[in-house]
Amino acid sequence: SSGINAEYGTKEEIEESVKISKEAVSLDVTDGTSWYILGNAYLAQFFLCGQASNVLKCSLNAYSKASADEKVLSDPDYHYNKGIVFKYLDDYSNAIAYFTDAIGIHPQFTECLSELNDLKDQIIKTRLLIKNKGKLKGKNIAIMLKKLKEKTMIQNPTKVSMTTFDVLNVGPNEDK
């Protein structure tokens, strides 16, 4: 299946654009515009050829190298696209920063304003759900925790203890 998208082309065309963009970068590794175009090609590939995070990281790497070019930095689309990459990497603070930069350059950038407002709303709603424990009553939380503990013990009979979020560390948390 080609995965045809009227705006961006087929999967094969997107992959070809990545290849050609890489070739352009290899001709002049100091050309920010070529890096920016490569970043855009990777971003299109992410959306149209399977949303793999490694493709987003390639896009982010290309955008970072493009940032050495003042002309690229003055383009609101550069900031918007980089913000999109950060959004899909779940790095919301950087996404907001880049969306804000894009709007600073082009205050009427409606797509970017919409993304920024949607992201801020999503963050506020998520914070409220966490604060309000998903709007669940204490009794329902206790029932859910009991069922979770029972299911966890059945699936993984090793020693597992229940804990609160503030006790967890980044990365693996053995026995929790």
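## Basis of the model

Contact means heavy atoms within 4.5 Å. This is a predicted model, in which local features need pLDDT of at least 70 and side-chain atom pairs count only at pLDDT 80 or more, while totals for chains, interfaces and linings use all residues. Residues are numbered from 1 along each chain as its sequence is written, and side-chain values use heavy atoms, with hydrogens and water left out.

## Overall architecture

The chain has eight helices and zero strands. Helices (H or I, at least four residues) and strands (E, at least two) are DSSP runs, numbered from the N terminus. Read from that end, the elements run α-α-α-α-α-α-α-α.

Of the 176 residues in the chain, 29% are buried. Buried means under 20% relative accessible area, exposed means over 50%, and partly exposed lies in between (1.4 Å probe, protein chains only). The accessible surface of the chain comes to about 11900 Å². Carbon and sulfur atoms hold 56% of that surface. Accessible areas come from the Shrake-Rupley method with a 1.4 Å probe; for residues, only the protein chains shown count as cover.

Among contacts with a separation of 6 or more, 44% join residues 24 or more positions apart.

## Helix H6

H6 spans residues 92-105 and has 14 residues. Its first and last C-alpha atoms are 20 Å apart, close to the 20 Å expected at 1.5 Å a residue. The expected span is 1.5 Å times one less than the number of residues in the helix.

The buried residues of H6 are Ala-95, Tyr-98, Phe-99, Ala-102 and Ile-103. Seen down the axis of H6, they fall within an arc of 140°, so they line one face of the helix. The arc is that of the directions from the helix axis to the C-beta atoms. H5 and H7 are among the elements that cover these buried residues. The face of H6 turned away from the buried side carries exposed Ser-93 and Gly-104.

## Helix H7

H7 has 22 residues. It reaches 31 Å from first C-alpha to last, close to the 32 Å expected at 1.5 Å a residue.

Cys-112, Glu-115, Leu-116 and Leu-119 are buried in H7. Their arc around the axis is only 95°, which puts them on the same side of H7. Their cover includes H5 and H6. Thr-110 and Lys-125, on the other side of H7, are exposed.

## The salt bridge

The structure holds one salt bridge. The term covers a side-chain nitrogen of Lys or Arg within 4 Å of a carboxyl oxygen of Asp or Glu. Here Glu-115 pairs with Lys-87, and the closest N and O atoms are 2.8 Å apart. The pair links distant parts of the chain: Glu-115 sits in H7 (residues 110-131) and Lys-87 in H5 (residues 76-88), 28 residues apart. Both partners, Glu-115 and Lys-87, are buried.

## Cysteines

A disulfide is a pair of cysteine sulfur atoms within 2.5 Å. By this rule the count is zero. Cys-49 is partly exposed, at 22% relative accessible area. Cys-112 is buried, at 0% relative accessibility.

## Ile-14 in helix H1

Ile-14 belongs to H1, which covers residues 11-27. Ile-14 counts as buried, at 3% relative accessibility. Ile-14 and Ala-44 are 30 residues apart in sequence, yet their C-alpha atoms are 6.9 Å apart in space.
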